[in-house]
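Q: Please take a close look at one interface in this complex and describe what each part of it contributes.

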Number of protein chains: 8
Amino acid sequence: MEQPVVGILMGSNSDYPVMIQAGRALGLLDVPFEEFVMSAHRTRERVEAYVKEAEGRGIKIIIAGAGGAAHLAGVVAAGTTLPVIGVPIESKALKGMDSLLSTVQMPPGIPVATMAIDGAKNAGLMAAAMLALSDESLRERLKKSRKEQSAGIQFKPSLPTPQGGTS
Amino acid sequence: MEQPVVGILMGSNSDYPVMIQAGRALGLLDVPFEEFVMSAHRTRERVEAYVKEAEGRGIKIIIAGAGGAAHLAGVVAAGTTLPVIGVPIESKALKGMDSLLSTVQMPPGIPVATMAIDGAKNAGLMAAAMLALSDESLRERLKKSRKEQSAGIQFKPSLPTPQGGTS
Amino acid sequence: MEQPVVGILMGSNSDYPVMIQAGRALGLLDVPFEEFVMSAHRTRERVEAYVKEAEGRGIKIIIAGAGGAAHLAGVVAAGTTLPVIGVPIESKALKGMDSLLSTVQMPPGIPVATMAIDGAKNAGLMAAAMLALSDESLRERLKKSRKEQSAGIQFKPSLPTPQGGTS
Amino acid sequence: MEQPVVGILMGSNSDYPVMIQAGRALGLLDVPFEEFVMSAHRTRERVEAYVKEAEGRGIKIIIAGAGGAAHLAGVVAAGTTLPVIGVPIESKALKGMDSLLSTVQMPPGIPVATMAIDGAKNAGLMAAAMLALSDESLRERLKKSRKEQSAGIQFKPSLPTPQGGTS
Amino acid sequence: MEQPVVGILMGSNSDYPVMIQAGRALGLLDVPFEEFVMSAHRTRERVEAYVKEAEGRGIKIIIAGAGGAAHLAGVVAAGTTLPVIGVPIESKALKGMDSLLSTVQMPPGIPVATMAIDGAKNAGLMAAAMLALSDESLRERLKKSRKEQSAGIQFKPSLPTPQGGTS
Amino acid sequence: MEQPVVGILMGSNSDYPVMIQAGRALGLLDVPFEEFVMSAHRTRERVEAYVKEAEGRGIKIIIAGAGGAAHLAGVVAAGTTLPVIGVPIESKALKGMDSLLSTVQMPPGIPVATMAIDGAKNAGLMAAAMLALSDESLRERLKKSRKEQSAGIQFKPSLPTPQGGTS
Amino acid sequence: MEQPVVGILMGSNSDYPVMIQAGRALGLLDVPFEEFVMSAHRTRERVEAYVKEAEGRGIKIIIAGAGGAAHLAGVVAAGTTLPVIGVPIESKALKGMDSLLSTVQMPPGIPVATMAIDGAKNAGLMAAAMLALSDESLRERLKKSRKEQSAGIQFKPSLPTPQGGTS
Amino acid sequence: MEQPVVGILMGSNSDYPVMIQAGRALGLLDVPFEEFVMSAHRTRERVEAYVKEAEGRGIKIIIAGAGGAAHLAGVVAAGTTLPVIGVPIESKALKGMDSLLSTVQMPPGIPVATMAIDGAKNAGLMAAAMLALSDESLRERLKKSRKEQSAGIQFKPSLPTPQGGTS
C-alpha cells in the first residue's frame with residue numbers, strides 16, 4: 001500500500017461517522033491517507049508525538065476534527081508548519097457553535113484552515129486541492145470530480161432525501 | 001400552459017419540501033411559475049445562464065431558497081435588476097441562523113427581499129403582491145385570500161396540530 | 001410636486017440618519033416618496049390610519065424601519081396587501097439582532113421583505129425594482145444605476161474610508 | 001360563572017399546549033379567565049377590538065403568547081394601559097430566541113412583562129400576584145400555593161421525569 | 001413624605017444611571033418609591049432582610065436591576081409573592097444577553113416580569129400599571145401620560161438625538 | 001460510612017441523570033459525597049440552611065447544577081467562601097446557553113468554577129483535584145485515573161457509540 | 001521572597017491589564033504567585049515545559065487567561081492534574097463569546113474551572129479558596145476579605161463610576 | 001517583478017486595512033502576490049473573469065476577504081479547483097458573525113479554507129504553507145519565521161499594546 005500523505009485525526013471515536021467522509025473524499029481521488037483517534041486533551045502526548053514525526057514520515061497535510069472546546073486542530077497547528085485543516089464537529093448542546101469558534105478563531109501566526117460544521121468531505125477535497133498544486137494528475141482528477149458533481153445535480157426538484165444546508 | 005412569471009430556484013433537492021410552499025401559494029393565486037434546482041456553488045454556470053436569460057424569457061421575479069452559507073439569492077441578485085426574494089432554509093447544525101445571515105446581510109446596492117427561515121409560503125405571497133401592483137385582478141385575488149386567511153383562524157383554542165412560530 | 005408612490009415610515013426620529021438612505025436611493029431614481037415618523041407602539045392609531053388610507057392615496061409600497069422589538073413592518077404588513085419592506089435598525093445593546101429577528105421571522109400569510117440591518121438604501125432599491133416591473137423607463141434608470149455602481153468600484157485597493165460589511 | 005378578569009390570548013391554535021398552563025395556574029388560584037386565539041398579524045382587527053373593549057368588560061390583565069416575530073404582546077400593550085404579560089413561545093428553527101427578543105425588547109413607554117420561553121405557568125402566577133395587590137384572599141391563596149410548591153420538591157434525587165430548565 | 005409602595009433595587013452603584021429612570025417614571029406619576037443598592041451575591045443578607053420585611057413595610061412591588069449573571073430579581077422573587085419586575089442591565093462583554101437570560105429564564109413557579117435590556121423606564125410604568133388596577137386616580141394619570149407620549153412623537157423626521165431601539 | 005466532604009446540589013429531580021456523573025467520578029476516586037435536590041428559587045430557605053451549615057458539617061466543596069436562569073451555584077457561592085463548582089444543565093429551548101451564562105458570568109468578588117454544559121463528571125474531577133492539594137493519596141489516585149483514561153482511548157477509529165463534544 | 005504556589009499564565013502581553021487582577025487578588029490575601037506570558041499556540045514548548053515542572057516546583061494551582069480560540073487553559077489542564085482555572089479574555093470581534101466557549105466546553109475527563117469573561121479577580125479568589133481548604137489562616141483572611149467586600153457596598157445609590165455587570 | 005502566485009481579492013476598499021496583512025505576510029516570505037478589489041455582488045463579472053483566467057495566469061491560490069453576507073470566497077471557490085482561503089471581515093452591526101457563517105458554512109463539494117474574523121495574516125501564512133509543500137526553500141523560510149515568532153513573545157508580562165484575541 002502507498003505511503004499516506006494526509007493524516008486524519010479525530011478527538012474521539014464518536015467523531016468517526018463524520019470524519020469518515022474526509023477519507024472517502026481522498027480515497028475517491030486516489031490520495032493515500034491514514035486515520036487516528038487522538039485527543040488534544042486526553043492523549044496529549046500521542047498528539048505531540050504524531051505531529052513531531054508527521055513531516056518526516058511523509059505526511060504533507062493534517063486534517064483534525066473535534067467538538068466542543070475543540071482544541072485539536074489548533075494544538076496540531078502549533079506544532080507544525082504543514083497545512084492544518086480543521087473540522088468543527090457538531091456538539092450536543094451548542095450544535096457546533098462552540099466547536100466552530102474554538103477551531104476558527106486562531107490567533108495571528110498559527111493558521112487553521114477551517115471547514116463548515118461537520119464539513120469533513122470538504123476537508124478531504126481541500127487537502128486534495130493543496131496537493132494538486134504540484135501534482136498535475138491529481139489536478140485533473142479533481143477537475144473531473146468537480147464536473148461530475150455539477151452534472152449530478154438534478155435540474156427539476158423531486159422527492160427529496162433528508163439532507164443539511166445547501167446553496 | 002401559461003408563460004411563467006416567477007422563477008423559483010433552490011440550492012438542492014432537499015430544499016423542495018420547504019420551497020414547494022412558494023409554488024403552492026402562487027398557484028392558489030393563479031400566478032404561473034417555474035421551479036428549478038440549481039446551486040450557486042455546485043452548478044454556478046447554470047445559475048448564471050438562468051439569470052441572464054430570465055428577464056428576456058418573461059420572468060419578472062426570482063425566488064431563491066438555500067441553506068448554510070446560502071449564497072444563491074445574493075448571486076442571483078448580483079446578476080439582475082429584477083426583484084429577488086430570498087428564503088433561508090433551516091440548516092442542520094445552526095438551525096438556519098447561518099442561512100438567514102448569509103441571505104439578508106447584503107451590501108448596499110444589491111437588495112434581497114428576505115423571508116423568515118423556511119418562509120417559502122410568504123415568498124410566494126410577496127411575489128404576488130409585487131405583481132399585483134400592475135394587475136388589478138391579481139390584487140383582488142390577493143385581498144380575497146387574505147380575508148379568507150383571517151376568517152379561517154379559530155377564535156377559541158382547541159387541540160392543536162404541531163406548527164411553527166406564530167403571532 | 002409628484003404624488004408619492006412609496007411611503008417610508010420609521011419608529012422614531014432617531015432612525016432618520018439610517019432611513020434617509022431609502023429616500024435618497026428613490027430620489028436618485030426619480031421615484032416620488034413621503035417620509036413619516038410613527039411608532040407601532042407609541043402612535044399605534046397613526047400607523048393604522050396611515051395604512052388604511054395608503055392604497056387609496058396612491059401609495060404602492062411601504063418601507064418600515066424600526067429597532068429593538070421592531071414590530072412596525074409587521075404591523076403595517078398586517079393591515080395591507082401592498083408590498084411591505086422592513087429595515088431592522090441597529091439597536092444599542094443587541095446590535096440589531098433583536099430588530100432583525102422581530103422583522104424577518106413573520107408567520108406564514110403576512111410577508112415582510114426584510115433588508116440587512118440598517119439596509120435602508122437597499123429598501124429604496126428594492127421598492128424601485130418592484131415599481132420597475134410595470135415602468136419601463138424606471139427599469140432603464142435602475143439598470144443604468146446598477147452599471148454605474150459596478151463601474152464605480154475601484155479595481156486596486158487604496159486608502160479606505162470606514163464602512164460596513166461588503167462582499 | 002364568574003366574570004373573567006384575565007384575558008389569555010395566543011397567536012395560533014398551536015400555542016395552546018403551552019398557553020393552557022396559564023389558565024391552569026389561574027384556575028387553581030380561583031381567578032376567572034378567558035382564552036382566545038387571535039393573531040397580531042392574521043386577525044389584526046380582532047385583536048384591536050378585543051383590546052379596545054377589554055377594560056370596559058372587566059378584564060384587568062392581558063396575557064399574550066406568540067412565537068417567531070412575536071408581536072402580539074407588544075400590539076396589545078400599545079392599545080391599553082392595563083398590565084400586559086408576554087409569553088414567548090418556542091419556535092421551530094430558532095428555539096424561541098426570536099420570540100423572546102420580539103417580546104421583551106419593547107421601546108421605552110410601552111412595557112410588556114415578559115416571562116421565560118414557554119413560561120405560561122408563570123404568566124398565570126404573575127397575573128395572580130398583580131391581582132393579589134388588592135385582594136387579600138387571593139394573596140393568601142397565592143402564599144399557600146407557594147408554600148406547597150416548596151414542600152413538594154423532593155429532598156433526595158430519584159428517577160427523574162423529563163423536564164426543562166431548573167434552578 | 002409619603003410611604004413608598006415600590007422598592008427599586010440594583011446590584012451595584014454602576015447600575016444607577018440606568019435604574020434612575022424607573023424612579024423618574026414613578027415620580028412623574030406620583031407613585032412613592034425607595035431606592036437601594038444591594039447585590040444578590042455580595043450583600044446577600046441585606047437582600048434577604050429587605051425582601052422579608054418589604055410586604056410588612058407597605059412595599060407592594062419590587063423592581064430589581066442587575067447585569068451579567070443577574071440573579072437579583074430571581075433571588076428577590078424567590079423570597080416573596082409580591083410582583084417582582086426585573087431589569088437586565090447591559091453588561092460590558094456580552095451586551096446584556098447574559099443579563100437578559102439570567103433574569104427572564106426563570107423556572108415554573110417563581111415569575112419575574114422582565115423588561116428590555118436597560119428598560120428601567122418601562123419597569124416604572126409596569127409597576128404603575130399594576131398599582132393602577134386598584135387606584136382609579138393613578139389609572140387616569142397613567143392614561144394621560146400615555147396620551148402625551150403619543151402626542152409628543154414628531155410626525156416628520158428631523159435631526160435626531162442618539163437613542164436606542166424603537167418601533 | 002465516611003463523612004461526606006463534597007456536597008452535590010441540583011435544582012430539580014430532572015437534573016439527576018446529568019448530576020449523577022459528579023458523584024460517580026467522586027466515588028471512583030473514593031471521595032465521600034452527599035446529594036440533594038434544592039432549588040435556589042423554589043426551596044430558597046433549604047439552600048440557605050444547607051450553605052450556612054455546610055462548612056461546620058465538614059463539607060469542603062459544593063457542586064451545584066441547575067438550568068435556565070441557573071442561580072443555584074451563584075446563590076450558594078454568595079453564602080460561603082468554600083469553593084463552589086457550577087454545572088450548567090442543558091435547557092429545553094436555549095440548549096443550556098442560558099444556564100451557562102447565568103452560572104459563569106459572576107460579578108467580581110463571588111467566584112463560581114464553571115464546567116461545560118452538562119459537565120458534571122468534570123465537576124467531580126475538579127473537586128477531587130482541589131482536595132488532592134492536601135491529600136497525597138488522593139493525588140495518586142487522580143493521576144492513576146488520568147493515565148487510565150488516556151490509555152483507554154482507542155488509537156484507530158471504529159464503530160462509535162453516540163457521544164457529545166470531544167477534542 | 002516566598003515560593004509561589006499559584007502560576008498565572010496569559011496568552012499574550014495584551015492580556016495583562018485583565019490578568020493583573022488575579023495577582024492583585026492573591027497578593028491582597030498574601031498568597032505568593034508568579035506570572036508569565038506564554039501562548040498555547042505560539043510558544044507551545046514553553047507551555048509544555050512549564051506545566052511539566054510546575055508541580056515539582058511547588059506550584060499548586062495554575063490560572064490561564066486567553067482570548068479568541070482560547071486553548072491555553074485546556075492545554076495546561078491536559079498536562080497536569082493540578083486544578084486549572086481558566087479566564088476567557090474579551091476578544092475584539094466576538095466580545096469573548098469565542099474565548100468563553102473555547103475555555104469552558106472541555107470534554108469529560110479534563111476539567112477547567114472557568115470564570116466570567118475577563119473574570120481574573122475571581123480566578124485569584126477561587127485559587128485562594130482552594131488553598132484555604134488546608135490553610136486555616138488563609139481561610140480566615142478570605143472570610144475577612146469577603147466581609148469587607150459586603151461592607152464596602154453603598155446602601156444608597158449615588159453618582160456611579162463606570163463598571164461592568166453586577167448582581 | 002516576479003509572476004504573482006497568490007491572488008488576494010477583497011469585496012471593498014474598506015476591507016484593505018485588514019486584507020493588507022495577507023500581502024504583508026506573503027511579502028515577508030518572498031511569495032509574489034497581487035491584490036484587487038472586486039465584489040461578488042457589485043462587480044460579479046469581474047470576479048468571474050478573474051477566476052476563469054487565474055489558473056492560466058499562474059495563480060495557484062486565491063485569498064478572498066469580505067464582510068456581511070460574505071459570498072466572495074464561496075463564489076470564487078465555485079469557479080475554480082484551486083485552493084481558496086476565506087477571510088471573514090468584521091462587520092459593523094453583527095461584528096463578523098454574519099461574515100464568518102457566510103464564509104465557512106459551505107456545502108459539501110465546494111471547500112473554502114476559512115480563517116478567523118479579520119484573520120488576513122493567517123490567510124497569507126496558510127497560502128505560504130500550501131506552496132511550501134512543493135518548495136523546499138519556502139518551507140525553510142516558513143519554519144524560520146515560525147521560530148522567530150515564538151522567540152519574539154515576551155516571557156514576563158509588561159505594559160501591553162492594545163490587541164485582539166490570543167491564546
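**The interface of chain C and chain B**

A: Across the interface of chain C and chain B in this predicted model, the rule finds four salt bridges. One of them joins Arg139(C) to Glu55(B), with the closest N and O atoms 3.6 Å apart. Polar contacts between chain C and chain B come to 19 residue pairs, both residues being at pLDDT 80 or more.

On the side of chain C that touches chain B, at least two residues come from each of helix H3 (72–78), helix H4 (97–104), strand E5 (113–114), helix H5 (120–132) and helix H6 (136–151) of chain C. H5(C) gives the most to this side, with six residues. By residue class, the side of chain C that touches chain B holds 26 nonpolar, twelve polar and six charged residues.

In extent, the contact takes 44 residues from chain C and 44 residues from chain B. The area buried between the two chains is about 3,600 Å², and carbon and sulfur atoms give 63% of that area. Thr81(C), Leu133(C) and Arg146(C) supply 19% of the area that chain C buries against chain B, more than any other three residues.

As for confidence, the predictor gives the complex an ipTM of 0.94 and a pTM of 0.95. For chain A, the mean pLDDT is 93, with 94% of its residues reaching 70 or more. Residues 161–165 of chain A have pLDDT below 50, and this stretch has nine contacts in the model beyond near neighbours in sequence.

Notes
Residues are numbered from 1 along each chain as its sequence is written. Chains are lettered from A and ligands numbered from 1 in the order in which they are written. This is a predicted model: local features need pLDDT of at least 70, side-chain atom pairs count only at pLDDT 80 or more; totals for chains, interfaces and linings use all residues. Side-chain values use heavy atoms; hydrogens and water are left out. Contact means heavy atoms within 4.5 Å. Buried area is the accessible area (1.4 Å probe) that two parts lose on being put together, summed over both. A salt bridge is a side-chain nitrogen of Lys or Arg within 4 Å of a carboxyl oxygen of Asp or Glu. A polar contact is a pair of N or O atoms within 3.5 Å; within protein, one must be able to donate a hydrogen and the other to accept it, and residues adjacent in sequence count only if both atoms are side-chain atoms. Helices (H or I, at least four residues) and strands (E, at least two) are DSSP runs, numbered from the N terminus. Ala, Val, Leu, Ile, Met, Phe, Trp, Tyr, Cys and Pro count as nonpolar, Asp, Glu, Lys and Arg as charged, and the others, Gly among them, as polar. pLDDT is the predictor's confidence in each residue, from 0 to 100.
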